[in-house]
Amino acid sequence: MNKSLRKAVIAGNWKMNKTPAETTALINEMKPLVADADCDVVLCVPYVDIFAAVEAAKGSNIKIGAENCHWAASGAFTGEVSAEMLKACGVEYVITGHSERRTYFGDTDVTVHDRTRAALDNGLNVILCVGEYLEQREQNITMEVVRSQVKIALAGVSEEELGKVIIAYEPVWAIGTGKTATADQAEEVCKAIRDLICELYSKEAADKFVVQYGGSMNAKNADELVDKEDVDGGLIGGASLKAPDFAAIVKAASK
């Protein structure tokens, strides 16, 4: 990444893992390992762990996020959580558009936009996920898919609001499969996202904009990935559940 223009962000996505007690223990283990990080450190945890995470992270450089939010402020949406509720719990970040939400729970490009809009309206920082399925990559339409996802999600988002958005490129075929896009593949799409931000907003906005890689980044491949010009950190899955592994990724992004 280009540290003269922007700061890396390493964010953990815990998915459906950890009880509140386990959350406290893991964050306490992580805190001394990432205390000297020269990058932003975020942990996005399950709803039931938010209070424990916020409390455990107090006084540290770790910021807490949620894994999703609803687009409505309130209403008959059993099982959902609003952006306003998250903010009231002390959350600073929220993930929208994760491929698992799109694949298993019916999220569309339009609902991802609506969730992103709700989060921004409540002052939250958004980690917006985009990425293609394997068959789309094999059909050579990766760029068309990613550009469309970004355009729809950011519709109506001002350049000022864009400062609270991070885009995480996560090729769906590389999530939880053990497969990882090569550093060159990650760079190609992350650069295309930055070029699109320049097209939609301005070069200044694009230069400052953080684009993460989110497909199975781990302690072994983090150095090579974040060494790329347009890869500004990562959205980390499994490796964020192990303090030493997560700390190694943070260290790589801090160089």
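A crossing of two helices is left-handed if the near helix is turned anticlockwise from the far one by less than a right angle, and right-handed if clockwise. Helices (H or I, at least four residues) and strands (E, at least two) are DSSP runs, numbered from the N terminus.

This is a predicted model, in which local features need pLDDT of at least 70, side-chain atom pairs count only at pLDDT 80 or more, and totals for chains, interfaces and linings use all residues. Residues are numbered from 1 along each chain as its sequence is written, and side-chain values use heavy atoms, with hydrogens and water left out.

**A helix pair**

Helix 1 (residues 20–34) crosses helix 12 (residues 243–254) in the right-handed sense. Their axes are 9 Å apart, at an angle of about 30°. Axes here are lines fitted to C-alpha atoms, for helices over the stretch in contact, and angles run from 0 to 180 degrees between N-to-C directions. Contact means heavy atoms within 4.5 Å. Helix 1 contributes Leu26, Glu29, Met30, Leu33 and Val34, while helix 12 contributes Ala243, Pro244, Phe246, Ala247 and Val250.

**Strands and burial**

Strand 2 (residues 40–45) runs parallel to strand 3, and five bridges pair them. Two strands pair if DSSP finds at least two bridges between them. Cys44 stands opposite Gly65 of strand 3. Buried means under 20% relative accessible area, exposed over 50%, and partly exposed in between (1.4 Å probe, protein chains only). Strand 3 (residues 62–66) is largely enclosed by the rest of the structure, because four of its five residues are buried.

Is Ser99 buried or exposed? Ser99 counts as buried, because its relative accessibility is 5%. Ser99 lies in helix 4 (residues 99–104). Beyond its neighbours within four places in sequence, Ser99 contacts Tyr133, Glu170, Val172 and Ile175.

**Nonpolar cores**

A nonpolar core is a set of buried Ala, Val, Leu, Ile, Met, Phe, Trp, Tyr and Cys residues joined through side-chain atoms within 4.5 Å. The largest has 72 residues, and Leu154 and Ile167 touch the most other members. A second, separate core of 12 residues includes Ala11, Val42, Ile95 and Cys129.

Lys18 is partly exposed, with a relative accessible area of 32%.
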